[in-house]
Amino acid sequence: MSTLPPLHTPELSNGPRLAIDRRICVAANHWGARRAVGVFFGLVSRLGDGVFWYSLMLALALFDGRRGLAAAAQMAITGLTALLLYRVLKRWTRRPRPFRACPGVIAHVPPLDEFSFPSGHTLQAVSFTVVALAWYPLLAPLLLTFTALVGASRVILGLHYPSDVIAATAIGGALGSLSLWLLPLMHWMH
């Protein structure tokens with residue numbers, strides 16, 4: 001739970017699009033105040049910090065030989081790029097987190113950094129998923145479900161606006177696709 005006072009910034013108070021973003025954020029955050037919901041999405045968010053993805057990369061490398069190692073390497077390179085990209089974007093946009101700028105929103109877990117846009121968890125999850133599914137399409141039910149839950153968790157926990165998650169989804173999808181275009185699967189397999 002955050003004890004920081006909310007910031008009241010005029011840019012977050014104007015415009016119908018931002019009002020909808022805030023209303024969805026407040027509603028999701030109130031739903032997340034239910035103990036079972038908060039615990040579940042807190043766990044999803046914690047796994048999305050990297051534990052789930054690093055475990056997946058390790059499993060691929062251990063259980064699928066050279067192919068698994070190549071997939072894990074491409075995921076790692078893409079993930080590192082995503083990390084650098086979202087850090088630059090956060091410093092550039094400097095959008096306050098909802099629990100600081102939106103009355104009625106509380107942080108159900110502590111944030112990893114100060115700014116909201118884009119959601120780094122979502123950007124990473126989407127970019128990892130795009131790359132992993134190119135290698136292992138049968139993982140789609142697991143990875144798509146987990147990635148959707150990660151994105152939802154960020155809003156429910158009061159750490160991001162829906163627009164942060166939507167933008168991160170687009171950026172992560174583009175980054176994952178770019179990774180596949182720059183480092184085609186066939187080059188790794190030969």
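1. Arg94 sits in the loop between H3 and H4 (helices here are DSSP runs of H or I with at least four residues, strands are E runs of at least two, and numbering goes from the N terminus). Arg94 is not a glycine, yet its phi is positive, at about 55°. For context, most residues other than glycine have a negative phi, and most peptide bonds are trans.

2. A word on provenance: this is a predicted model, with local features needing pLDDT of at least 70 and side-chain atom pairs counted only at pLDDT 80 or more, while totals for chains, interfaces and linings use all residues. Residues are numbered from 1 along each chain as its sequence is written, and side-chain values use heavy atoms, with hydrogens and water left out.

3. Also worth a look is the Phe117 to Pro118 peptide bond, which is cis with omega near -10°. Pro118 lies in the loop between helix H4 (98–101) and H5.

4. How do H5 and H6 pack? The axes of H5 (residues 120–135) and H6 (residues 140–156) come within 9 Å and cross at roughly 170° (axes are lines fitted to C-alpha atoms, for helices over the stretch in contact, with angles from 0 to 180 degrees between N-to-C directions). The pair is therefore roughly antiparallel (over 145 degrees; under 35 is roughly parallel, 65 to 115 roughly perpendicular, the rest oblique). Residues in the contact (heavy atoms within 4.5 Å) include His121, Ala125 and Leu133 of H5 and Leu143, Thr147 and Arg154 of H6.

5. On to the cores (sets of buried Ala, Val, Leu, Ile, Met, Phe, Trp, Tyr and Cys residues joined through side-chain atoms within 4.5 Å; buried is under 20% relative accessible area, exposed over 50%, partly exposed in between, with a 1.4 Å probe and protein chains only). The largest has 21 residues, of which Trp53, Met75 and Leu143 touch the most other members. Helix H2 (35–63), helix H3 (65–93), H5 and H6 each give two or more residues to this core. Leaving aside neighbours within four places in sequence, Leu143 contacts Phe52, Trp53, Leu56, Thr129, Ala132 and Leu133. A second, separate core of 16 residues includes Phe41, Phe99, Val105 and Val165.

6. Last, the cysteines. The disulfide count (cysteine sulfur pairs within 2.5 Å) is 0.
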